[in-house]
Amino acid sequence: MLTVKGSSITMNRCDSVYITVTVRQNGGQEYTLQPGDELYFAAKRKATDKSYAIAPKLLKGNVLELTPNDTEQLDFGTYVYDVRLITSKGFTTTIIKPSPLIIEESITGVGDQ
């Protein structure tokens with residue numbers, strides 16, 4: 001099950017997740033991704049950790065896709081993630097500041113990799 005409240009994401013380990021990310025400019029108007037723009041998602045147990053729980057992952061356009069393989073090795077609990085935009089002109093900005101990524105238990109195991 002997936003729940004998104006504000007920038008907090010709660011999901012079950014080994015679920016497939018698709019989340020559309022909306023990029024907003026200062027002032028609140030929506031930014032349309034331009035050819036060559038890239039959005040990246042990454043997660044760590046704590047923001048200060050050197051190693052990633054989920055290594056930086058390029059979004060497909062503005063859609064974050066997490067597969068069972070992305071979370072199968074994670075312990076249940078709270079992680080922190082962010083999303084960064086790198087424009088085709090090299091401008092880099094974090095569009096979702098470090099926010100909770102909660103990995104919840106799953107029991108069934110059917111479809112787990």
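A charge sits over a ring if NZ of Lys or CZ of Arg is within 6 Å of the ring centre and within 35 degrees of the ring normal. With that in hand, on to the structure. This is a predicted model, in which local features need pLDDT of at least 70, side-chain atom pairs count only at pLDDT 80 or more, and totals for chains, interfaces and linings use all residues. Residues are numbered from 1 along each chain as its sequence is written, and side-chain values use heavy atoms, with hydrogens and water left out.

Two charges over rings, then. The charged end of K44 is over the ring of Y52, at 4.9 Å from its centre. R45 lies over the face of Y79, 4.2 Å from the ring centre.

Now the pockets. A pocket here is an open set of points on a 1 Å grid over the protein atoms alone, where a 1.4 Å probe fits, with protein on both sides within 12 Å along at least five of seven lines; lining residues have an atom within 4 Å of a point. Points are joined across faces, edges and corners, and the volume is the space filled by probe spheres set on them.

The second largest pocket holds about 280 Å³. Of its 14 lining residues, A42, K44, Y52, D82 and R84 lie nearest the centre. By class, the lining has 11 nonpolar, no polar and three charged residues. Nonpolar covers Ala, Val, Leu, Ile, Met, Phe, Trp, Tyr, Cys and Pro; charged covers Asp, Glu, Lys and Arg; the others, Gly among them, are polar.

The largest pocket has a volume of about 430 Å³. It is lined by 23 residues, and T22, V23, R24, I95 and I96 are the closest to its centre. Strand 3 (17–20), strand 7 (77–86) and strand 8 (92–104) each supply two or more of the lining residues. That lining divides into 14 nonpolar, eight polar and one charged.

Last, C14, in the loop between strand 2 (8–12) and strand 3. Is C14 buried or exposed? Its relative accessible area is 10%, so C14 is buried, the cut-off being under 20% with a 1.4 Å probe and protein chains only. Phi of C14 is near 75°, a positive value in a residue other than glycine. Most residues other than glycine have a negative phi.

Note on methods: Helices (H or I, at least four residues) and strands (E, at least two) are DSSP runs, numbered from the N terminus. Buried means under 20% relative accessible area, exposed over 50%, partly exposed in between (1.4 Å probe, protein chains only).
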